Amino acid sequence: MALLEVNGIFKRFGKTEVLKGIDFTMEKGEVLAIIGSSGSGKTTLLRCLNFLETPDSGSITLSGQEIYNAQGKYTDREIREKRLNFGLVFQSFNLFPQYTVLRNVCLAPELMRINQSERKLSRQEKNQIKQEIEAQAREILTSVGLSEKLMNYPCELSGGQQQRVAIARALAMEPVILCFDEPTSALDPELTGEVLRVIKELKDAGRTMILVTHEMGFARSAADKVIFMADGVIEEYGTPEEVFGSPKSEKTISFLEKSLENIT
Amino acid sequence: MSFLEVTAQLANGFLTTLLIFGVTLVGAIPLGLLITLGSMSKVQPIKWIFKVFVWIIRGTPLMLQIILVFYGPGLMGLGVKFDRLVAVILAFIINYACYFSEIYRGGIESIPRGQYEAGQVLGMTKAQIFFKVVLFQVVKRIVPPMGNEIITLVKDTSLARVIAVVELVKAAENIVSLKSLIWPLFYVGAFYLLFTGIVTLLLNYAEKKLNYYQG
């Protein structure tokens, strides 16, 4: 059974139809790259999965359970709970500037476990939880190579380091599927490598990920499946070999040709 | 009238000035936040009620508002009458809360959407995002414009004399008219300069403290 099933997602902003019926499935441990030119709807699709946009129609099924249907009504709380199945790393990092690196990672897990607990926790229990979360956060930050920067503020870090903090922050919520929205687009070329390396390590650790990206080389080498989107529909879907090696659609061919032109 | 006697009388007026200043700040800072929330409400009627209210308060002289709060309830037969000082402070709190609310609104709207979205995808509630993520960043951004308003407030307290509350200027004026002395007026100026000087130093300190991060 597929881990994620996306069915018939439509989304319009005013008169513009951004997504015109998106269907795809993905398996556990799979890395799915979504490519396509700007305005093709790939970021909107990712935002729909994270409930930052509400699809006008369609459904999302996770592990055989329908978690979202555009016809359904959901409370804020329900949306919040469903959203936690997905993590999202933004193009512009969106770290909390007033908090240290460690605090950026700990804040949300703490709030979730302490404030949303069914009963009132004693001070001791709270400290216990905070310590657990902090220990876990240190571990994650070490795994993305930031053990030296725990007490720094985001403004003191390079873009690549900030993006790695953002990845750690998303991982701390233990999402089923981790999504990346053009994670290297805001970075200087020499800094993209360190972020892509972290994503590669996550793949090797078996993490399920969806990656909206302009890095064709990376999509080809790191993804298990590739979606090419154009004008709000999935124009081509397949393994990297199929999509990059022998694309069938005209639009894919012309997009890939242009992308390659840019490289050389 | 000796220098010491003048000082004692002015100091008395200054205490009233200080009281108006302090209580207004304590009342208007939180009330301003409430007005901000109202004027940013997604419920259109609530939003417009608050917007019109802010328009009226900001669009009419504070002096008029003081007079109205003091004489209004009695003349309208509401059966309540405020003490002079209470009336002044009420008018000040409402007036300043409206100005503050607009500064807050500007501050809140200047926080990038990405901050809210980052909180959302991490499963935070709206209240958590506001209090744990946004509020502090807003505070940092609004210190300079708030400083302006607070310094204006120091001097606006002199409007209290319109309903015969003896604050600093009124105290000086009493001396000037009774004793035909001119120098107490300059002396009063020095009081204000000292007061605003201290407030400026405190604001600079706050700004510096909040500057530990950029962005």
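Buried means 20 or more other C-beta atoms within 10 Å of the residue's own; 12 or fewer is exposed, anything in between is partly exposed, and the C-beta atoms are placed from the backbone. Helices (H or I, at least four residues) and strands (E, at least two) are DSSP runs, numbered from the N terminus.

A word on what you are looking at. This is a predicted model, where local features need pLDDT of at least 70, side-chain atom pairs count only at pLDDT 80 or more, and totals for chains, interfaces and linings use all residues. Residues are numbered from 1 along each chain as its sequence is written, while chains are lettered from A and ligands numbered from 1 in the order in which they are written.

Back to the helix. After α5(B) comes B:Gly123, with a positive phi near 80°.

Now the interface. Chain B puts 18 residues into the contact and chain A puts in 20. A contact here is two residues with C-beta atoms, placed from the backbone, within 7 Å. On the chain B side, α5 (113-121) and α6 (126-156) each supply at least two residues. Which helix gives the largest share of that side? α5(B) does, with six residues. By type, the chain B side divides into seven nonpolar, nine polar and two charged. The classes are simple: Ala, Val, Leu, Ile, Met, Phe, Trp, Tyr, Cys and Pro are nonpolar, Asp, Glu, Lys and Arg are charged, and the others, Gly among them, are polar.

Next, chain B as a whole. It has eight helices and zero strands. Its C-alpha trace spans about 70 × 50 × 20 Å along the principal axes. Of its 215 residues, 31% count as buried. Take the contacts in chain B with a separation of 6 or more: 73% of them join residues 24 or more positions apart.

In chain B, α1 (residues 3-39) packs on α7 (residues 168-179) at an angle of about 155°, with the axes 7 Å apart. Axes are lines fitted to C-alpha atoms, for helices over the stretch in contact, and angles run from 0 to 180 degrees between N-to-C directions. So α1(B) and α7(B) are roughly antiparallel. That label needs over 145 degrees; under 35 is roughly parallel, 65 to 115 roughly perpendicular, and the rest oblique. Among the contact residues are B:Leu10 and B:Phe14 of α1(B), and B:Ala171 and B:Ile175 of α7(B). The contact residues divide into seven nonpolar, four polar and one charged.

On to the cores. A nonpolar core is a set of buried Ala, Val, Leu, Ile, Met, Phe, Trp, Tyr and Cys residues joined through C-beta atoms within 7 Å. The largest has 75 residues, and A:Leu32, A:Ala33 and A:Ile34 are among those with the most contacts inside it. α5(A) gives the most to this core, six residues. A second, separate core has 40 residues, including B:Val54 and B:Tyr96.

A:Phe93 is not a glycine, yet its phi is positive, near 60°. A:Glu174, also not a glycine, has a positive phi of about 50°. Buried or exposed, for A:Phe93? A:Phe93 is buried, with 23 other C-beta atoms within 10 Å. A:Glu174 counts as exposed, with 12 C-beta neighbours inside 10 Å.
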